[in-house]
Amino acid sequence: MSEAQSNADKVDTVAQEHAIISATKAVSRPQHVITISNPPWSAMDDLMGEEEEVFEEALIPPENFNMVSDYIYRSSFPKKKHFSFLKKLGLKSVLTLILEDYPEQNMKFLEENKIKFLQFGIAGNKEPFVQIPENKISAALAAILDRRNHPMLIHCNKGKHRTGCLIGCMRKLQHWSYTSIFDEYRRFSHPKSRSMDQQFIELFDTRQVWELVDKEHMPKWPTLGDPPI
């Protein structure tokens, strides 16, 4: 290799190194810098106050939370850390499927926010002796189909099996296919879907629900259709 070629290669190498260094500095260099000299303490206090307010108002939904239909929501059992989130929903009612007494802090939250408490306590479908009573499901569905109770939150303990059965029966009223109903049920009950729950949904007779529904206050859901004559 000639001495001229060697010098040319060195020049190219040095040029490349300078280019890399320049590019790195350009990337790491702040694009917009705003300098505030001696900000007033009142402004800093306001900023800290805003941060604390944001922290206090953290919106945490309950597990398995989801929108079921217009103004109808489902979830697991709501706890105190979820109250700020639930308050944003503007709920008019909470429908629970648990058998136990409702916790005092939850009742206080409902009373303070003028939320109606609806309890249709049922046991889950556990083979071979315990089955969900159809009359309780029918009464709960009649409450769901009364728009005066909307917005409404529906829950059991984990928002899986009992809630899944109730929502599955509601989907029958909305004329969903069984494939869609069971896909939704399994999505929320995973990984412990129960065949007894799906059998209950399939065999549930929706005609008994219409006997309890107040026709004048039904929600305007397109898939709901008109009640049978």
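# Notebook: pockets, cavity and salt bridges

I began with the second largest pocket, which is lined by Glu63, Asn64, Ser76, Phe77, Lys79, Lys81, His82, Asn157, Lys158 and Lys160. On a 1 Å grid over the protein atoms alone, a pocket is an open set of points with protein on both sides within 12 Å along at least five of seven lines, and a lining residue has an atom within 4 Å of a point. The model is predicted: local features need pLDDT of at least 70, side-chain atom pairs count only at pLDDT 80 or more, and totals for chains, interfaces and linings use all residues. Residues are numbered from 1 along each chain as its sequence is written, and side-chain values use heavy atoms, with hydrogens and water left out.

I looked up the volume of the second largest pocket and got about 160 Å³. A volume here is the space filled by probe spheres set on the grid points, which are joined across faces, edges and corners. I then sorted the lining of this pocket by class and found five charged, four polar and one nonpolar residue. Asp, Glu, Lys and Arg count as charged, Ala, Val, Leu, Ile, Met, Phe, Trp, Tyr, Cys and Pro as nonpolar, and the others, Gly among them, as polar.

A cavity is a set of points where a 1.4 Å probe fits but cannot get out. One cavity of 30 Å³ or more turned up, and the largest cavity holds about 30 Å³. Which residues line the largest cavity? I listed Pro78, Phe83, Leu86, Val94, Tyr102, Asn106, Phe109 and Leu110. Helix 3 (83-88) and helix 4 (104-112) are the elements that give two or more residues to this lining, and helix 4 gives the most, with three. By class, the lining of the largest cavity has seven nonpolar residues, one polar and no charged ones.

For the fold, I counted nine helices and five strands in the protein chain. These are DSSP runs numbered from the N terminus, with helices as H or I of at least four residues and strands as E of at least two. Along the sequence the pattern reads α-α-β-β-α-β-α-β-α-β-α-α-α-α. Of the contacts with a separation of 6 or more, 66% are between residues 24 or more positions apart; contact means heavy atoms within 4.5 Å.

I checked burial as well: 38% of the 229 residues are buried. Buried means under 20% relative accessible area, exposed over 50%, and partly exposed in between (1.4 Å probe, protein chains only).

Last, I ran the salt bridge search, which gave five over the whole structure. The criterion is a side-chain nitrogen of Lys or Arg within 4 Å of a carboxyl oxygen of Asp or Glu. Aspartate 146 and arginine 148 pair at 2.8 Å, N to O. Aspartate 146 is buried at 12% relative accessible area, whereas arginine 148 is partly exposed at 46%. Arginine 148 also bridges to aspartate 214, with the closest N and O atoms 3.3 Å apart. This second pair links distant parts of the chain, 66 residues apart: aspartate 214 is in the segment after helix 9 (207-210), and arginine 148 is in the loop between helix 5 (134-144) and strand 5 (152-155). Aspartate 214 is partly exposed at 32%.

I noted a further bridge between arginine 186 and aspartate 183 (3.1 Å, N to O). About one helical turn separates them, because they are three residues apart in helix 7 (residues 178-189). Arginine 186 is partly exposed at 35%, and aspartate 183 is partly exposed at 40%. Through shared partners, salt bridges join Asp146, Arg148 and Asp214 into one network.
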